[in-house]
Amino acid sequence: MLELAILGFLAEGSLPGHVLRRRVSQLTGYTRPVSDGSLYPAINRLTKAGLLERRADPAAGAARYVLSLTGAGRAGLLKRLREPADHEITDFTRFFTILAFLSHLPDVSEQHAVLRRRLEFLEEPASFFYDGDRPLRAEEVADPYRRGMLLAARALSGAERAWLHRVLDGDEPTKNAPFQLDEPVS
């Protein structure tokens, strides 16, 4: 998801590495902090693969550079958004990274196909705790902390499912101004 976040933010405009790091960290939050030890190797992999371009930024000082998305990088971003892996659909934080950049897909029907996959996953019975193969509901769990986990997950899942239904039923606008590529975002 780190590479998707890098590609997604750079699709919105060129950025210095330290600004990109801050944006990725803000997106992933405290649950998945981004270290220099993971960010900069990912940037190097994407650059070697021809998905990013790195230019020196003499105005910012020594060893500072600006990153830009290449045409291949944009194509790679769109492919990843159109065809997220199953674990990117089922994992909350990974899916929210996809959601953060889903507007980059130019066709609403492609956006909706991704949302439908998430909705299908959320509508399957699931739990953190099972009796054999049967998912346990909060009301069936005696431990108050586990019950709390299940109640919080139920509320979050219910809110997300309601939002997904509104979007897919056309009750929530999804049209917005297209992103301006290769222009700085203020």
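Which residue lies over the face of tyrosine 65, and at what distance from the ring centre?

**View 1. Arginine 54 and the ring of tyrosine 65.** In this predicted model, the residue that lies over the face of tyrosine 65 is arginine 54, at 4.7 Å from the ring centre.

**View 2. The edge-to-face pair of phenylalanine 9 and phenylalanine 101.** A pair of aromatic rings is described by two values, namely the distance of the centres and the angle of the planes. The structure holds three aromatic pairs, and in one of them phenylalanine 9 and phenylalanine 101 are 5.0 Å apart, centre to centre, with 90° between the planes. Phenylalanine 9 belongs to helix α1 (residues 2-11), whereas phenylalanine 101 belongs to helix α6 (residues 92-101), so the pair ties together parts that lie 92 residues apart in sequence. Both phenylalanine 9 and phenylalanine 101 are buried.

**View 3. The tilted pair of phenylalanine 92 and phenylalanine 96.** Here the ring centres of phenylalanine 92 and phenylalanine 96 are 4.3 Å apart and the planes stand at 35°, so the pair counts as tilted. Both residues lie in helix α6, where they are four residues apart, or about one turn of the helix. Phenylalanine 92, at 33% relative accessibility, counts as partly exposed, and phenylalanine 96, at 36% relative accessibility, counts as partly exposed too.

**View 4. Serine 157 and its polar contact with arginine 161.** Serine 157 lies in helix α8, which covers residues 144-168. Because its relative accessibility is 15%, serine 157 counts as buried, and its side chain makes a polar contact of 2.6 Å with the side chain of arginine 161.

Note on methods
Residues numbered from 1 in each chain as written. Predicted model: local features only at pLDDT ≥ 70, side-chain atom pairs only at ≥ 80, totals over all residues. Heavy atoms only, no water. Phe/Tyr/Trp six-rings, centres within 6.5 Å; stacked < 30°, edge-to-face > 60°. Helix = DSSP H or I, 4+ residues; strand = E, 2+ residues; numbered from the N terminus. Buried < 20%, exposed > 50% of the residue type's maximum accessible area, 1.4 Å probe, protein only. Lys NZ or Arg CZ within 6 Å of the ring centre and 35° of its normal. Polar contact = N/O pair within 3.5 Å; in protein donor to acceptor, adjacent residues only side chain to side chain.
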